[in-house]
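Reader: Could you walk me through some strand pairing in this model? I have the viewer open.

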Amino acid sequence: MRDLNSPEGIAFDEAGNLYVVEDARNGRLIRMAPDGQWTILAENLDAPEDIVVLSMTDEDGHPAPIIYITESNLQFERTPTDFRSGISALSEDGERTPVLSHAPRLRGLDVAFWSYAGLTAGPDGRLYVTNELSGKPLTRRVTFVSNVLTYTFKVLTGDSVFAVDPVDGTRTLIAEDLLAPEGLSFSSNGDFPLYVAEENVGSQGRLSRIERDGRRTTVCERFLGIEDVVVDARGDLYVSEDKSGYL
């Protein structure tokens, strides 16, 4: 597939269709069929980062997959009040339903904000999502007329991984104190442990294993910009590094 603008999350459905989202200010959701034909399912998305496709059927028994995406416009906005992040459900006809939405909470010159990034489906029917700002304070300057104010953006609790009910949007904290977690994947049987790619541990990345009770252990470290992790049917782990270009 060509002519994409910052492609990010990808996923397959049971019919072999490939879905991709563009991490851009007005990103698109695109489906590519096994024969190579591609269709734009949704446009004007707010910097979508990851995608999960759940195979469902309609009342007549026809395939009607539900597509879940994360969105976070943090990299495109300078003013804290414009920050938005969340999870949305989309149908193949482009109908969009918010599952979870988040705007910043201002505390003086501090901003509490959860930036939802990696997304995967859990064994319990919930969606599991990472907060890429966990343990990663940011500083930006916002100019108002002739004055310059410095806002320090930081997550107040260190919340790292949530489980989200796709029906009512209820969040449950799964793990804390990870450092810039990005991609995540369950083990080969689709259940815990959960593997999480932490992009920023000092100047290097780390792959962590999260147990059902939230305990973290290090699987491997010293990655250069680790972004995502997948587990194959044999239980082998594969990770991507966007700074080294390695897989």
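Predicted model: local features only at pLDDT ≥ 70, side-chain atom pairs only at ≥ 80, totals over all residues.

Reader: Which strand pairs with strand 17 in the antiparallel sense over 4 bridges?
Author: Residues are numbered from 1 along each chain as its sequence is written, and side-chain values use heavy atoms, leaving out hydrogens and water. Strands are DSSP runs of E, at least two residues, numbered from the N terminus, and two of them pair if DSSP finds at least two bridges between them. Phe 186 has Leu 194 as its bridge partner, and the strand pairing with strand 17 is strand 18 (residues 194–201).

Reader: What is the order of the strands in the open sheet?
Author: The edge strands, each pairing on one side only, are strand 17 (181–186) and strand 20 (216–223). The pairing is antiparallel, and the order of the 4 strands is 17-18-19-20.

Reader: Why is strand 12 largely enclosed by the rest of the structure?
Author: Leu 127, Val 129 and Asn 131 point one way, while Tyr 128 and Thr 130 point the other way. Buried means under 20% relative accessible area (1.4 Å probe, protein chains only). Strand 12 (residues 127–131) is largely enclosed because the number of its residues that are buried is 5 of the 5.

Reader: In strand 15, which residue is the bridge partner of Tyr 128?
Author: Strand 12 pairs with strand 15 (residues 159–164) in the antiparallel sense, over 4 bridges. Within strand 15, the partner of Tyr 128 is Ala 163.

Terms used: Buried < 20%, exposed > 50% of the residue type's maximum accessible area, 1.4 Å probe, protein only.
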